[in-house]
Amino acid sequence: MQHKTQLTLSFLLSQVLLLACAEDLECTPGFQQKVFYIEQRFKFTEDQPILNLVFDDCKGNNKLNFEVSNPDFKVEHDGSLVALKNVSEAGRALFVHARSEHAEDMAEILIVGANEKHGALKEIFKIEGNLGIPRQKRAILATPILIPENQRPPFPRLVGKVINSEGTEGAKFRLSGKGVDQDPKGIFRINEISGDVSVTRPLDREAIANYELEVEVTDLSGKIIDGPVSLDISVIDQNDNRPMFKEGPYIGHVMEGSPTGTTVMRMTAFDADDASTDNALLRYNILKQTPTKPSPNMFYIDPEKGDIVTVVSPVLLDRETMETPKYELVIEAKDMGGHDVGLTGTATATILIDDKNDHPPEFTKKEFQATVKEGVTGVIVNLTVGDRDDPATGAWRAVYTIINGNPGQSFEIHTNPQTNEGMLSVVKPLDYEISAFHTLLIKVENEDPLIPDIAYGPSSTATVQITVEDVNEGPVFHPNPMTVTKQENIPIGSIVLTVNATDPDTLQHQTIRYSVYKDPASWLEINPTNGTVATTAILDRESPYVQDNKYTALFLAIDSGNPPATGTGTLHITLEDVNDNVPSLYPTLAKVCDDAKDLRVVVLGASDKDLHPNTDPFKFELSKQSGPEKLWRITKLNNTHAQVVLLQNLKKANYNIPISVTDSGKPPLTNNTELKLQVCSCKKSRMDCSASDALHISMTLILLSLFSLFCL
């Protein structure tokens, strides 16, 4: 039935061709039918004829030879196409190349499925679209031309013929389009008289697969008589491109213990040949596996898809027992469906066996020893473990925990990231007198959880025995720092306090002596035996050694050990203020013009080193003024300031104004001082204070005093 359907299709196509071209066709060298449609329902049976091809070189077909694009088929001398074996998949098309002593041509056999039969018949009767024969009657007959790529010389080579059925005298053919008068130019040409179409050099389908040309018929003057008519030239693929792997590097991962058939990765190659032909039909194969243990066939590649899968049992896919967790596969891609005639390309696939946490960490011994001096912190011992998992993963990295023996949190343990060891440290100083021995229980786990069927065992815990060594510790002051409050200016020899220091080494029964370590102002001394601190100088709250009313000194307590150990104690003395500083006046110099209209000379301020209430409010007064008239007065502005005002303009001279300022202490302290007043001549914004009469007020006061004496 299949053979009858194929012959029926071929017969219909041949009849269409004969009806369209019968009027004016002469013998045209080549296949008398160039395109065939055949139906494949199940498979092509070995040696059973599929269809007949008719080739005629118009000169007897001497030395006629046929070549089929698919090596599973051949054409007999009588033109019968047969399969060389049972073929279930032949692709979408076959190409038959025929060559005789005088001509060569190419026929295309399109393979359709049963459900495509109706559509295929429609395509057959689309004569204009498929065969280039116009529906309306034309004088030009230009059938499609099929040319194999990579043809060998000689060139030019005849590939087809255009026919002018009217045969107008003097008419000429003219060919145009890409490949003729457009880039790439000069590939095709036409004999303007006979209509023979020639190719001038080998074609490359991967560069250009189709050429769409136009044919016209012109008279001797170049005027178009008929056309243009399309001339389609298709380049038939040859297997001239090797498969190529373009997406490398190819690296896949598979977890150890994975089930047989686990997909690792996919390899995909590219073939530049026609994807609809066997020239680009690829099949994959593993050429080599390195290493070959534990099995030379650890993996399998799907020949069609390129998927690499595991084929060994999960037991053999054990990373810890492998020679190396990295396998390299040389993958071959072969076109022509993998047949021997196919071209090949290779690539290397690297497969890494990833680790899973199937081995718990184990201590190298059950008990570790450590010795540490009391009072010392830092790492005291490194705990070693073994783990057969991958060191680059959380399945190997260890996490340590102290699960017993650390109630005071004196110990910590951390993982060394390079060695995976547990670094046990003392973080709070140990005291020999409290406990000379410590026992810790430590467990180790991995960062990643173990797989469900694996558990941590006894080897994942260990004991650490720690011995504390006694050292001579320095005495300790109680309290430290020490604080006391004293009034400044207390008598020399006054007792400040008695310090108290004890020796932590209670089992050694040592004695303690005291000494001054730092006494910035040299105000203190300490009894070396009983620790009594007394003054050796007056305590001055206003001293630069006192900060924020507080004086600080350091003392040493030294035991009788060999060598002796020392402890340091800090003493803070808060000094209470007494009124022992007179107030000071500022400024002490003022200037005024002799013709000034504003006789407010200066605002005076007062300050006191003491603290409140031994400071302001201050009392400002002028000493008694002698003479017939008063020259100035002082007026209080606030608790700390007063203003001096002239009562009249004075002559240019220097004057000393006696002023007293008194604080509010009990008893109050008074400071008698003088304000120097310079009366200057002021002209054109310039002040001249040269003191030609510098002692004017002083001399006046002397004369007035003498006059008073004489009057008595």
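Q: Where does Pro228 lie?
A: Pro228 lies in strand β18, residues 224-236. A strand here is a DSSP run of E, at least two residues long, numbered from the N terminus. The model is predicted: local features need pLDDT of at least 70 and side-chain atom pairs need pLDDT 80 or more, while totals for chains, interfaces and linings use all residues. Residues are numbered from 1 along each chain as its sequence is written, and side-chain values use heavy atoms, without hydrogens and water.

Q: What makes the peptide bond that joins Gly227 and Pro228 stand out?
A: The bond is cis, with omega of about 5 degrees. Most peptide bonds are trans.

Q: What kind of peptide bond joins Gly248 and Pro249, and what is omega?
A: The bond between Gly248 and Pro249 is also cis, and omega is about 0 degrees. Pro249 sits in the loop between β18 and β19 (250-255).

Q: How many helices and strands are in the protein chain?
A: The chain has four helices and 52 strands. A helix is a DSSP run of H or I with at least four residues.

Q: Why does Gln409 count as partly exposed?
A: Its relative accessibility is 48%. Buried means under 20% relative accessible area, exposed means over 50%, and partly exposed is in between (1.4 Å probe, protein chains only). So 48% puts Gln409 in the partly exposed class.

Q: What is the phi of Asn489, and is that value positive or negative?
A: Phi of Asn489 is positive, about 70 degrees, although the residue is not a glycine. Asn489 is in the loop between β36 (482-487) and β37 (495-498). At 29% relative accessibility, Asn489 also counts as partly exposed.

Q: Why does Tyr655 count as buried?
A: Tyr655 has a relative accessible area of 1%, so it is buried. Tyr655 lies in strand β50. In space, its C-alpha is 5.9 Å from that of Lys676, which is 21 residues away in sequence.

Q: What share of the protein chain do buried residues make up?
A: The share is 43% of the 712 residues.

Q: What makes a set of residues a nonpolar core?
A: The set holds buried Ala, Val, Leu, Ile, Met, Phe, Trp, Tyr and Cys residues, joined through side-chain atoms within 4.5 Å. In soluble globular proteins, nonpolar side chains tend to be buried together. The largest core here has 26 residues, and those that touch the most other members are Leu604, Phe620, Val644, Leu646, Ile659, Leu675 and Leu677. Elements giving two or more residues to this core include β45 (589-593), β49 (641-646) and β51 (670-683). The largest share, five residues, comes from β50.

Q: Which residues does Leu646 touch, not counting residues up to four places away in sequence?
A: Leu646 touches Val592, Leu599, Val601, Leu631, Trp632 and Leu677. Contact means heavy atoms within 4.5 Å.

Q: Which residues is Asn527 in contact with, leaving aside neighbours within four places in sequence?
A: Those residues are Tyr514 and Thr532. Asn527 is in the loop between β40 (524-526) and β41 (532-535). Its 32% relative accessibility makes it partly exposed.

Q: What makes a set of grid points a cavity?
A: On a 1 Å grid over the protein atoms alone, a 1.4 Å probe fits at the points but cannot get out. The structure holds two cavities of 30 Å³ or more. Points are joined across faces, edges and corners, and the volume is the space filled by probe spheres set on them.

Q: How do you know that the largest cavity lies between domain 1 and domain 2?
A: Domain 1 (30-112) and domain 2 (140-236) both give residues to its lining, so the cavity lies between them. Domain bounds come from an automatic or database assignment. Lining residues have an atom within 4 Å of a point. Among them are His97, Glu104, Leu146 and Arg157. β9 (104-112), β11 (145-148) and β12 (157-161) each supply at least two lining residues.

Notes
On a 1 Å grid over the protein atoms alone, a cavity is a set of points where a 1.4 Å probe fits but cannot get out, and a pocket is an open set with protein on both sides within 12 Å along at least five of seven lines; lining residues have an atom within 4 Å of a point.
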